[in-house]
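Reader: Hi, I have a model to look at and would like to go through it with you. Could we take it slowly, starting with any term I will need?

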Amino acid sequence: MNQTLLSLRSLSKQFDGKSILDSLDLDIYDGEFLTLLGPSGCGKTTLLRLMAGFEHPDAGSITLAGQDLTHTAPEHRPLNTVFQNYALFPHMTVFDNVAYGLKMEKRPKEEIRQRVEEALAMVQLEDFAGRKPHQLSGGQQQRVAIARAVVKRPKVLLLDEPLSALDYKLRRTMQVELKRLQRELGITFVFVTHDQEEALSMSDRVVVLKDGLIQQLGTPREVYERPANLFTARFVGETNFFPGHVDRANGDETITVDVFGLKRTFRKPDFPVSEGQPLHVLLRPEDIRVLAPDDADGVPGKVVERNYKGSTLDSVIHLADGTEVLASEFFDEDDPAFDYRLGEPVRVSWVDGWEWLLPQEGEPEQEAATDA
Amino acid sequence: MSHWLPRTYLALVYLLLYVPIAVLVVFSFNDSRTGYEWGGLSLRWYEALFDNRAMVRAMWNSLWLALSAATVSTLIGALTALALHRYRFRGKQILNGMLFVVMMSPEIVLAISLLALFLLVGMQLGYVSLLLAHVTFCLPFVVITVMARLSGFDERLPEAARDLGASDFVMTRTVLIPVIMPALLAGWLLGFTLSLDDVVVSTFVSGPTYEILPLRIYSMVRVGLKPEVNALGTLLLVFSLVMLILSQWILLRSRR
Amino acid sequence: MRNLMQQPFRTAVLVLVWGWLLFLVLAPNLLVVGASVMTRSPGTFISLPLTLDAYRQLFDPLYLEVFLHSLYMAAVTTTVCLLIGYPFAWSLSKVGKQRQVLLIFLLIVPFWTNSLVRTYALKLILATNGLLNSALMSLGWIDEPVQMLYTEGAVVIGLVYLLLPFMILPLYSVFEDLREDLLRASHDLGAGRFSTFIHVIVPMTLPGVLAGIMLVLLPAMGLFFVPDILGGSRNLLVGNVIKNQFLDARNWPFGAAASIMLTLAMAFLMFAHRLSKRRIGEDGV
């Protein structure tokens with residue numbers, strides 16, 4: 001099932017003495033949708049360009065189904081790229097753009113015509129074959145770029161932030177369409193983005209990168225619900241970090257943690273714990289429960305901000321010790337007028353089992369975690 | 001503000017710009033000897049022009065010089081623009097600055113410096129010295145034209161071509177050159193016209209072995225009036241007009 | 001991108017370009033600087049010893065008068081070009097886009113036409129028995145022909161005629177960039193037409209004005225063929241002096257020194273242009 005197609009081994013790359021990638025290992029499975037996610041400068045685009053062959057690694061190797069590609073020129077790699085700003089040839093028609101790669105393969109004319117038409121039909125641009133790129137909208141140019149790359153039937157399609165130039169609505173449409181294409185073609189997609197929402201909604205697996213190091217590799221659900229370290233937790237979605245310390249370990253299964261003076265019992269984390277050890281209790285805003293001020297449970301606080309978001313009510317609550325808590329609550333059918341006053345006293349709690357524990361790192365400048 | 005004032009003003013200035021040219025064209029068909037009064041329609045000055053063998057030779061010389069100067073400066077200028085655009089190298093700023101200075105310096109400064117050089121190295125003044133000088137003053141204009149095109153050029157296009165299976169050579173042939181072609185043509189036409197029109201630099205670096213048209217005209221118009229010049233001027237005007245329309249058409253067609 | 005083109009090609013291109021510029025731009029200019037501080041010599045043009053005589057000669061009253069007169073005519077030419085060109089460029093930038101293309105085209109047609117021929121055409125008009133005099137006489141405005149050719153005025157007219165497009169084009173490009181909303185913002189903040197002109201339009205178009213001055217003033221001192229055709233022997237330009245010294249009198253040091261003065265003037269104007277561009281937040285070239 002999960003057969004490795006593209007294998008990257010201890011890849012390193014420096015530019016002007018600055019390390020961009022540092023001995024990176026990554027196995028990409030056949031037929032998967034893999035996303036490289038990270039802030040700008042994390043090395044994700046460089047990684048993609050190494051796979052495409054536009055850059056050469058200082059060290060390490062790239063193999064595709066057992067064939068070494070490390071020093072192969074880009075034109076001889078069975079991978080194709082969809083570029084950030086599409087890079088359509090301005091002097092060629094849509095048809096000629098899509099046909100370019102097949103002409104390079106010296107395919108017979110009839111086969112080229114047929115395959116180009118198929119590719120254009122796939123992205124619903126059959127009627128635009130005679131146009132020049134500048135006569136197309138951004139979304140249409142995007143489709144041509146995709147058709148031009150997939151018409152070559154590559155083993156892997158590399159997509160370098162392909163949706164970043166589109167507006168929000170079009171981006172959502174293209175996300176669905178890309179996902180559909182990937183399913184239909186069965187090609188492996190390697191997708192680069194800095195948009196965590198896009199990464200979570202489209203991918204089979206997500207690689208979170210920072211400073212040229214893999215922070216976490218996992219399914220979207222793993223990355224969101226069980227972040228490997230503080231960086232991933234902060235970068236992917238919004239998170240509350242509550243300071244706590246281990247009160248006592250209860251055998252192999254659970255530990256009791258002191259958070260804001262509350263003694264809560266949690267599942268024992270993967271990392272070793274000892275009594276009195278400080279740690280972070282992570283809770284997503286939607287895991288927070290806001291209770292009435294006279295409730296017996298929770299920590300007292302005050303609502304300092306409220307934002308109506310349509311389907312949710314997002315609020316910021318200040319606890320007595322100054323900690324800011326983000327809470328996101330769905331509207332209750334029984335109480336459509338549900339709202340807070342600013343300054344309203346409340347109590348903050350959560351359902352045990354929804355939290356996630358992480359050890360202290362070199363705070364406040366959290367260092368890259370050693371391993372997931 | 002009302003519209004008629006600026007428009008009238010524009011029309012007036014254009015009128016002043018074009019009256020001398022119109023006079024020239026009309027008088028080229030004038031039969032009169034004196035050159036001031038109208039003496040009826042005639043093509044005699046055109047005939048006189050083509051009967052003048054030295055004049056015809058100067059025309060051919062000029063044409064050949066302009067062709068070669070435009071071609072050489074387009075070649076070197078395009079390569080320079082590519083180098084400035086694609087490579088990082090030491091002294092890039094200096095190179096840029098030198099080209100800018102060449103473009104801005106008064107022609108006469110360039111002219112005497114080249115004359116000094118040619119005499120110092122013992123070069124005979126003639127076609128070669130003219131060619132070197134003309135290429136030098138055309139060069140910055142070609143570089144600027146091509147650079148402007150390249151600056152709007154997507155860095156990813158060559159990579160896209162390579163990605164789709166084109167070798168470096170095929171990429172240059174199928175993508176790079178077609179994309180900058182309009183700028184190459186425009187640069188070439190500009191160089192051609194600059195060379196054909198040049199008086200100042202040519203006055204210094206030409207020799208008796210290679211007489212060119214502007215210098216021949218110069219010696220004719222310094223004293224008195226020569227009606228043949230009207231005919232010659234009209235021909236040159238038509239010629240430049242064709243070239244200019246051609247270059248504008250190329251630029252407009254390629255703008256996207 | 002860099003490693004897509006092979007190294008030998010890159011080396012060849014750089015050697016060619018640098019070679020050309022060093023041999024045909026830098027070396028000749030250094031030669032002129034060198035010549036300007038040497039002694040005049042009949043056989044070899046220049047010889048040792050080093051001397052500043054040429055520069056001293058520039059301030060000889062005879063030449064100083066020629067230079068000042070040339071500078072004066074160039075200044076008048078530039079002023080006239082600016083006075084005609086500034087409102088012209090402004091009006092041009094307000095015309096509809098489609099028509100602008102045509103008008104710009106009409107403006108550069110003369111620029112692409114042989115300048116000697118155009119200067120000669122002026123001669124047809126300005127001559128004593130030329131068209132202008134005939135026209136004025138037939139209108140009864142004058143009784144006998146006025147001497148127009150071979151005057152200072154004829155030289156200035158010739159220079160303006162040849163150089164006007166060089167003033168208009170940079171001005172036009174700054175007016176093109178002058179966004180309407182800036183003017184509206186200025187009016188909105190309570191500035192009247194005059195204040196807006198002084199505080200917004202003038203500073204924003206200053207780089208264009210200086211570029212235009214640069215493109216007009218220097219050639220207006222160098223275009224020696226204009227006085228040759230229109231000006232007679234008393235209205236000489238610096239260019240005529242340089243040409244005579246180099247080609248006729250064979251006095252290289254003096255010609256070189258005069259040319260260096262022109263270069264220094266150019267450097268000064270380029271510096272001013274850069275400063276004015278910095279001021280509105282654009283990087284100088």
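Author: Let us begin with one term: a residue is called buried when its relative accessible area is under 20%, and exposed when that value is over 50%. Please also keep in mind that this is a predicted model.

Reader: Okay, so is Ser259(C) buried or exposed, and why?

Author: Ser259(C) counts as buried because its relative accessibility is 1%, and the cut-off for that word is under 20%.

Reader: Where does Ser259(C) lie, and what is Ser259(C) in contact with?

Author: Ser259(C) is part of helix H12 of chain C, which covers residues 252-279. Leaving aside neighbours within four places in sequence, Ser259(C) is in contact with Val32(C) and Ile242(C) in its own chain, and with Val109(B) and Ile112(B) in chain B.

Reader: How many residues of chain C and chain B are in contact?

Author: On the chain C side there are 84 residues, and they are in contact with 89 residues of chain B.

Reader: What area is buried there?

Author: The size of an interface is often given as the accessible area lost when the parts come together. Between chain C and chain B that buried area is about 8300 Å², with carbon and sulfur atoms giving 78% of it. Helix H1 of chain C, residues 7-36, supplies the largest share of the chain C side, namely 19 residues.

Reader: And how many salt bridges or polar contacts does the rule find across it?

Author: For salt bridges between chain C and chain B the rule finds zero, whereas it finds eight residue pairs in polar contact, with both residues at pLDDT 80 or more.

Reader: Changing topic, which residues touch the most other members of the largest nonpolar core?

Author: That core has 220 residues, and the ones touching the most other members are Leu47(A), Met51(A) and Phe225(C). Helix H7 of chain C, residues 152-177, gives the most to this core, with 14 residues.

Reader: What does Phe225(C) touch?

Author: Not counting residues up to four places away in sequence, Phe225(C) touches Val199(B), Val200(B) and Tyr218(B) from chain B, together with Ser115(C), Leu116(C), Thr119(C) and Leu162(C) from chain C.

Reader: Last one: what about Pro227(B)?

Author: Pro227(B) sits in helix H11 of chain B, residues 227-254, and is buried, because its relative accessible area is 6%. With residues up to four places away in sequence not counted, Pro227(B) touches Arg33(B), Trp45(B) and Tyr120(C).

Methods:
Residues are numbered from 1 along each chain as its sequence is written. Chains are lettered from A and ligands numbered from 1 in the order in which they are written. This is a predicted model: local features need pLDDT of at least 70, side-chain atom pairs count only at pLDDT 80 or more; totals for chains, interfaces and linings use all residues. Side-chain values use heavy atoms; hydrogens and water are left out. A nonpolar core is a set of buried Ala, Val, Leu, Ile, Met, Phe, Trp, Tyr and Cys residues joined through side-chain atoms within 4.5 Å. Buried means under 20% relative accessible area, exposed over 50%, partly exposed in between (1.4 Å probe, protein chains only). Helices (H or I, at least four residues) and strands (E, at least two) are DSSP runs, numbered from the N terminus. Contact means heavy atoms within 4.5 Å. Buried area is the accessible area (1.4 Å probe) that two parts lose on being put together, summed over both. A salt bridge is a side-chain nitrogen of Lys or Arg within 4 Å of a carboxyl oxygen of Asp or Glu. A polar contact is a pair of N or O atoms within 3.5 Å; within protein, one must be able to donate a hydrogen and the other to accept it, and residues adjacent in sequence count only if both atoms are side-chain atoms.
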